[in-house]
Amino acid sequence: MNYSKYSKILSFRYEAIIVAMSLLIICTKSSLCDGNVRLNFIDDIPVMDSMKIEPELSFGFDSPSGRIIIVIATSSDRRESIEKFYSEVMPQLGWKIYGKQYHRGEEKFQFISSNNLNGLIWRLSITPLTIP
């Protein structure tokens, strides 16, 4: 019997399986392989694709006590889906939830909504934990 021929075939199959498994692992860990997930940021604030930013109402600056970033956005998404988005994304970015806000280091992130005629208006903010 020619074992050399069979070992080459088995070796090729193992290599193909390893390459396929590696690609599968890379795709499951990479956002490039998931067309539905796309994360946008405005000054370190994650913003859903469905949100429309109001640039004339949004601002950011550094203060003696830390940075202050306010982003105003509108969305027709339901409040629950936006709350779910932030509850999933913020911990991945190192933020810990405390009540209705998230803390990371000496900063807090909050998202507050109010109703208008076209849906919800969202105020997304990063501010210092303590302001003197």
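Predicted model: local features only at pLDDT ≥ 70, side-chain atom pairs only at ≥ 80, totals over all residues.
Student: What percentage of the residues of the protein chain count as buried?
Tutor: Buried means under 20% relative accessible area, exposed means over 50%, and partly exposed is in between (1.4 Å probe, protein chains only). Of the 132 residues in the protein chain, the buried share is 26%.

Student: In what order do the elements of the protein chain run?
Tutor: Helices (H or I, at least four residues) and strands (E, at least two) are DSSP runs, numbered from the N terminus. The protein chain has two helices and nine strands. Reading from the N terminus, you get α-β-β-β-β-β-α-β-β-β-β.

Student: Of the contacts between residues at least 6 apart in sequence, what share joins residues at least 24 apart?
Tutor: A contact here means heavy atoms within 4.5 Å. Within that set for the protein chain, the share joining residues at least 24 apart is 49%.

Student: Which residues have the most contacts inside the largest nonpolar core?
Tutor: A nonpolar core is a set of buried Ala, Val, Leu, Ile, Met, Phe, Trp, Tyr and Cys residues joined through side-chain atoms within 4.5 Å. The largest one has 20 residues; β2 (45-47), β5 (66-75), α2, β8 and β9 (119-128) each give two or more, and the largest share, five residues, comes from α2. The residues with the most contacts inside the core are Ile45, Met51, Tyr86, Phe109 and Leu124.

Student: How is the aromatic pair of tryptophan 95 and phenylalanine 109 classed?
Tutor: Rings of Phe, Tyr and Trp (its six-membered ring) pair if their centres lie within 6.5 Å, and planes under 30 degrees apart count as stacked, over 60 as edge-to-face and the rest as tilted. A search of the whole structure finds nine such pairs. In this one, the centres are 6.2 Å apart and the planes 55°. That makes the pair of tryptophan 95 and phenylalanine 109 tilted.

Student: Where do these two sit, tryptophan 95 and phenylalanine 109?
Tutor: Both tryptophan 95 and phenylalanine 109 are buried. They are 14 residues apart: tryptophan 95 lies in the loop between α2 (79-92) and β6 (96-98), and phenylalanine 109 in strand β8 (residues 107-116).

Student: Which residues do ring pairs link into a cluster?
Tutor: Tyrosine 102 and phenylalanine 109 have ring centres 6.2 Å apart and planes at 50°, so they make a tilted pair. Tyrosine 102 is buried too, like phenylalanine 109. The cluster is made up of Phe85, Tyr86, Trp95, Tyr102, Phe109, Phe111 and Trp122.

Student: Is aspartate 44 buried or partly exposed?
Tutor: Aspartate 44 sits in the loop between β1 and β2, and its phi is near 75°, a positive value in a residue other than glycine. Its relative accessibility is 40%, so aspartate 44 counts as partly exposed.

Technical notes:
Residues numbered from 1 in each chain as written. Heavy atoms only, no water.
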